[in-house]
Amino acid sequence: MERESQFVGESGAFLDAVEKASRAAPLNRPVLVVGERGTGKELIAERLHRLSLRWDGPFITLNCAAMPETLIEAELFGHEAGAFTGATKARVGRFEEADGGTLFLDELGTLSTGAQERLLRAVEYGEITRIGSSRPQRVDVRIVAATNADLPKMAQENRFRADLLDRLSFEVVTLPPLRVREGDIPVLANYFGRRMAAELEWPSWPGFGRLPSEALNRHDWPGNVRELRNVVERAVYQWNDHSRAVDHVVFDPFESPWKPREMQIKSEADPTVPPSGEPPPAPAETVSTEAAFDSVDDMKAAVEAYEKRILEAALAKSRYNQRHTAKALNLTYDQLRHALKRHDLLGT
């Protein structure tokens, strides 16, 4: 498979999902891929195609959410000349393009009711009819669909056809989010880091320092593998000394003291909602500390551990400049050096 289509990971949850897709691939049946954004649903769809008997046929993709509702049916099933305003000539749809191969429908939950009805007939009988035509055509297409929506709940609420869901869910492959893929974050981080280092023509890949590695492991990754790739590649290209381990990562590229006024006002109005509009995960420090309060049996050790976490976070935020870190923590330089020595952080 192409370099961009490689699967990287070693956690049991991830390997189980890949194995499930591999077993379903040779069967000429629909498969539904479920997962959060950035988990690799399109990669699984391509794997289903490449390992099937249709591997040498076309692999056609359509993001249902990217098409206006008025055009999605024409895009899927094609249309005849004059079928609607602007249809100056006949056009084949994605089903005809995928004849003999696989049609991947991403964001399936956004399909309109009319498109769902026509899709049901195509799946059930292997026939499609171009818009503006009365003559059905036979097509040999395997459907692989993907969604991050709760389709069973949508079917119960009559927002998605239950009979179509039954046809498309012969097998359901659910991809685990990155936060539960134990041990995969460092593997993926080094994989993307090596690729970026090679693209920048570094002589070797120095890896990540201890503090950035810990920060990568603590992050919640709401954007999953796609977000991790962006964070890692950004960290590598911003690092100027390829002879030393990468020691700084930026999780939020929008964070800046010079944010536009509108973004600052929005953040101040609701500090729990970032500019993207997506609720951020609770900071790792807050979660772990609050959880530890219920079971603290050594107050001195707990305070020491918390102080170390504060120092690590402040160092990273100040790009490991100790004088800037001391100023940010309202300490003298000597006080900071003493604290760093006590927590064995002077090497950072």
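Among contacts in the protein between residues at least 6 apart in sequence, what percentage join residues at least 24 apart? The figure is 71%, where contact means heavy atoms within 4.5 Å.

This is a predicted model, so local features need pLDDT of at least 70 and side-chain atom pairs count only at pLDDT 80 or more, while totals for chains, interfaces and linings use all residues. Residues are numbered from 1 along each chain as its sequence is written, and side-chain values use heavy atoms, with hydrogens and water left out.

View 1. Helices (H or I, at least four residues) and strands (E, at least two) are DSSP runs, numbered from the N terminus. Of the 348 residues, 39% count as buried, meaning under 20% relative accessible area with a 1.4 Å probe, protein chains only.

**View 2. Here helix 3 (residues 69-77) meets helix 5 (residues 113-125).** Their axes, lines fitted to C-alpha atoms over the stretch in contact, come within 9 Å and cross at roughly 20°. That makes the pair roughly parallel, a label for angles under 35 degrees. On the helix 3 side you'll find Ile72, Glu73 and Phe77, which touch Gly114, Ala115, Arg118, Leu119 and Ala122 of helix 5. Sorted by class, that's five nonpolar, one polar and two charged residues, with Gly counted as polar.

**View 3. Now look at Asn63, in strand 2 (residues 59-63).** Asn63 is partly exposed, at 34% relative accessible area; that class runs between the buried limit of 20% and the exposed limit of 50%. Leaving aside neighbours within four places in sequence, Asn63 is in contact with Asp106 and Glu107. The C-alpha atoms of Asn63 and Ala146 are separated by 9.5 Å, though these residues sit 83 apart along the chain.

Technical notes. Axes fitted to C-alpha atoms, helices over the stretch in contact; angles between N-to-C directions. Parallel < 35°, antiparallel > 145°, perpendicular 65-115°, else oblique.
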